[in-house]
Amino acid sequence: MKGTVYKSTGSWYTVKSENGTFYECRIKGKFRIEGIKSTNPVAVGDHVDFEVETKGDETIGIINKIGERDNYIIRKSVNLSKQTHIIAANVDIAFLLITLNNPPTFTTFIDRFLVTAKAYHIKAVLLFNKIDTYTSDELGEIKYMAEMYRNIGYECIGISATTAKNIDKVKAMMEQKVSMFSGHSGVGKSTLVNALEPGLNLKTSEISEQHKQGQHTTTFAEMYDLSFDGQIIDTPGIKGFGIVEMEKEELGDYFPEFFEVKQDCKFNNCLHIEEPKCAVKDALEEGTIAWSRYKSYMQILKGEEEHYRKDNYGDDPIIF
């Protein structure tokens, strides 16, 4: 039988068969996807072949083959730095939820997410959530950052999951698509899913006032069918986004504004560091490339860990 993985707990997988029936499945032996050392060999969104076994009153599925992936979102595992974690597979559009200060979302985190989505050919959209809660000055910061990302080609939408502002716009983008919501714990992923599809009633929780961090309400990634013809993958809140499977020479190509000017660099293999006549460094000095983006690029290039919630470049939640 063929089906799609809707939930992964690491040992059990909920698979929806082509006829619409859900089965609880295990994997057959040890799976190793070629070229990927992952903590989770089977990811939500994977297309799989499985067979059903009945033992007494219990019916379980055994996954014996994983179909070729169109794409996937991958990051370094937090506790197992040498291994990776595939967040979701076969995604049409990835929405990254961003909040200014409840909890704070740093540009380094945003840039790492966008680089990964670009590298694996996934359309990424930035959703600036909770805009009903900000002061006029804070809204100015949000608009400034959104304009920065719009200028390099990313769609940015200001939304409120609680007041439903621009929810219809997001819903229209999700029709006939497999969408993924990602972001830190507490940015409002589950609340947004509930606003889009109230019948799902996903669990939500409050922000911790002491640390301005969200409490984990989604433990495992899970896909849901939507009444307006589409699927949504709700993912656990993630603290950091470690970049994997990327060569230094290709990193700049996943920064659209770098890629646009790199043909004007003196050297074809320019890494935009100390090389003479570098078009990226020139654009940086002219102000057409944002310093925050260049700092993110250098941090990834040097293999530095993301400085989650205590950014090296200042004390403010969002660094420009």
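Predicted model: local features only at pLDDT ≥ 70, side-chain atom pairs only at ≥ 80, totals over all residues.
Residues are numbered from 1 along each chain as its sequence is written, and side-chain values use heavy atoms, with hydrogens and water left out.

With a relative accessibility of 8%, Asn71 counts as buried (under 20% relative accessible area, with exposed meaning over 50% and partly exposed in between; 1.4 Å probe, protein chains only). A polar atom of the Asn71 side chain lies 2.8 Å from the backbone nitrogen of Val91. Apart from neighbours within four places in sequence, Asn71 is in contact (heavy atoms within 4.5 Å) with Ala89, Asn90, Val91, Tyr120, His121 and Ile122.

Ser17 belongs to strand S2 (residues 13-17) and counts as buried at 4% relative accessibility. The side chains of Ser17 and Asn19 make a polar contact at 2.3 Å; such a contact is a pair of N or O atoms within 3.5 Å, where within protein one must be able to donate a hydrogen and the other to accept it, and residues adjacent in sequence count only if both atoms are side-chain atoms. When residues up to four places away in sequence are not counted, Ser17 touches Met1, Lys2, Gly3, Tyr23 and Phe50.

Strand S1 (residues 2-8) and strand S4 (residues 47-55) run antiparallel and are joined by three bridges; strands pair if DSSP finds at least two bridges between them. Thr4 stands opposite His47 in S4. S4 also pairs with S5, in the antiparallel sense, over eight bridges, and here Asp49 stands opposite Lys65. Two residues lie between the strands of the S4 and S5 hairpin, in which Gly56 has a positive phi near 65 degrees.

Helix H2 (residues 136-150) has 15 residues and spans 21 Å from first to last C-alpha, close to the 21 Å expected at 1.5 Å a residue (1.5 Å times one less than the number of residues). Its buried residues are Glu138, Ile142, Met145, Ala146, Met148 and Tyr149. Viewed down the axis of H2, these residues fall within an arc of 155 degrees and so line one face of the helix, the arc being that of the directions from the helix axis to the C-beta atoms. Ser136, Asp137, Lys143 and Tyr144, on the other side of H2, are exposed. The elements covering the buried residues of H2 include strand S8 (93-98), helix H1 (107-119), strand S9 (123-128), strand S10 (155-158) and helix H8 (291-301).

How values were computed: Helix = DSSP H or I, 4+ residues; strand = E, 2+ residues; numbered from the N terminus.
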